[in-house]
Amino acid sequence: MNHLDPGAERDPGPAETGRLREALAAAAYEVTPSRVPLAAVERRGRMIRRRRRTTVLGAGCAALLAPLAFVTLHGPDDGDRATRPAAVSASPAPSASPTVSAPTPRIVDPGERVTVAPGFVLWLTEEGKHWTSPDVPEENQFRSVVDGNIDRTRPGVSLQIEGTDGGVLASGVYYGGEGTASVVEVASEDGPVRGKLLELPGRPGWGVWYAVSDTDDLGRVTVRDTEGRVYATLP
């Protein structure tokens with residue numbers, strides 16, 4: 001059997017509890033609440049928002065810098081790095097080299113004088129070749145192309161040699177070849193001597209060549225056309 005301790009406190013009854021609540025409520029109504037520190041609350045809110053934005057920006061920068069850090073860590077020294085192909089520039093199309101035309105005879109008017117060496121003058125007429133030399137400047141020498149001594153229907157070249165100061169002047173008539181005469185070469189012990197050509201207008205089928213040489217030991221005379229083929233030769 002349990003016995004209650006006479007000195008123990010008894011639980012308050014419902015009546016006492018109600019009176020206690022009423023007393024607390026009355027005391028609470030008599031307390032005047034202090035003003036809410038709105039300015040401090042706003043400052044605290046702004047500080048919290050700034051901290052949140054800083055945190056978000058920091059996270060975003062970290063996300064952006066992560067690939068860069070990866071590229072830096074895997075830079076040019078990384079053997080596994082994928083090599084970017086070099087830019088290939090289009091090569092300019094090679095320009096066509098200019099075509100050099102083969103030389104052709106100098107066209108002179110009938111009777112037009114041409115000085116071909118000191119004291120030597122040549123001119124052409126429809127009848128043939130005319131020239132003067134320093135030895136007999138008043139005498140006009142002549143080689144006909146119409147007297148029948150040459151056959152202009154067949155390729156041929158003639159040769160005359162006259163002395164000059166320190167050399168010789170070689171000249172002659174060419175005729176009867178196919179195509180257009182272009183160059184003349186005279187063989188010599190010192191190598192080929194190249195000369196020049198004169199013709200009248202209208203493609204008469206003949207012309208005059210001349211060349212100045214240091215030696216009188218001259219050989220074959222060859223006239224070539226603009227295609228490089230032999231137009232006429234002597235002998």
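The exercises below work through a predicted model of one protein chain.

Local features are taken only where pLDDT is at least 70, side-chain atom pairs count only at pLDDT 80 or more, and totals for chains, interfaces and linings use all residues. Residues are numbered from 1 along each chain as its sequence is written, and side-chain values use heavy atoms, with hydrogens and water left out.

**Exercise 1. Describe the chain as a whole: how many helices and strands does it have, and what share of its residues is buried?**

Step 1. Helices (H or I, at least four residues) and strands (E, at least two) are DSSP runs, numbered from the N terminus. The chain has two helices and 13 strands.

Step 2. Buried means under 20% relative accessible area, exposed means over 50%, and partly exposed lies in between (1.4 Å probe, protein chains only). Of the 235 residues, 26% are buried.

Step 3. A contact means heavy atoms within 4.5 Å. When contacts between residues at least 6 apart in sequence are considered, 52% join residues at least 24 apart.

Step 4. Accessible areas come from the Shrake-Rupley method with a 1.4 Å probe; for residues, only the protein chains shown count as cover. The chain exposes about 17,400 Å², and carbon and sulfur atoms supply 55% of that area.

**Exercise 2. Find which residues of the largest nonpolar core touch the most other members.**

Step 1. A nonpolar core is a set of buried Ala, Val, Leu, Ile, Met, Phe, Trp, Tyr and Cys residues joined through side-chain atoms within 4.5 Å.

Step 2. The largest such core has 18 residues, and Val116, Leu122, Leu198 and Trp206 touch the most other members. Strands β2 (114–117), β3 (120–125), β8 (167–175) and β11 (206–213) each supply at least two residues of this core.

Step 3. Another core, of 16 residues, lies apart from it and includes Tyr174, Val193, Leu218 and Ala232.

Step 4. Take Leu198 from the largest core. Beyond its neighbours within four places in sequence, the contacts of Leu198 include Val114, Leu122, Leu124, Val208 and Tyr210.

**Exercise 3. Lys129 has no salt bridge; which side chain of opposite charge is nearest, and which side chains make polar contacts with Lys129?**

Step 1. Lys129 belongs to strand β4 (residues 128–132).

Step 2. Lys and Arg count as positive and Asp and Glu as negative, while His and the chain ends are not counted. A salt bridge is a side-chain nitrogen of Lys or Arg within 4 Å of a carboxyl oxygen of Asp or Glu. For the buried Lys129, the nearest side chain of opposite charge is Glu162, 6.2 Å away.

Step 3. A polar contact is a pair of N or O atoms within 3.5 Å; within protein, one must be able to donate a hydrogen and the other to accept it, and residues adjacent in sequence count only if both atoms are side-chain atoms. The Lys129 side chain makes one with the side chain of Gln160 at 2.6 Å, and one with the side chain of Ser171 at 2.7 Å.

Step 4. Among the residues that Lys129 touches beyond four places in sequence are Leu122, Trp123, Phe142, Trp206 and Val208.

**Exercise 4. State how many salt bridges are counted, and say whether Asp225 is buried or exposed.**

Step 1. Side chains of opposite charge can pair when their charged atoms come close. The count is three salt bridges.

Step 2. Glu112 pairs with Arg106, with the closest N and O atoms 3.5 Å apart. Glu112 is partly exposed at 27% relative accessible area, and Arg106 is partly exposed at 42%.

Step 3. Glu185 pairs with Arg194 at 3.3 Å between the closest N and O atoms. Glu185 is partly exposed at 29%, whereas Arg194 is exposed at 60%.

Step 4. Asp225 pairs with Arg229, and here the closest N and O atoms are 3.1 Å apart. Asp225 counts as buried because its relative accessibility is 4%, while Arg229 is exposed at 51%.
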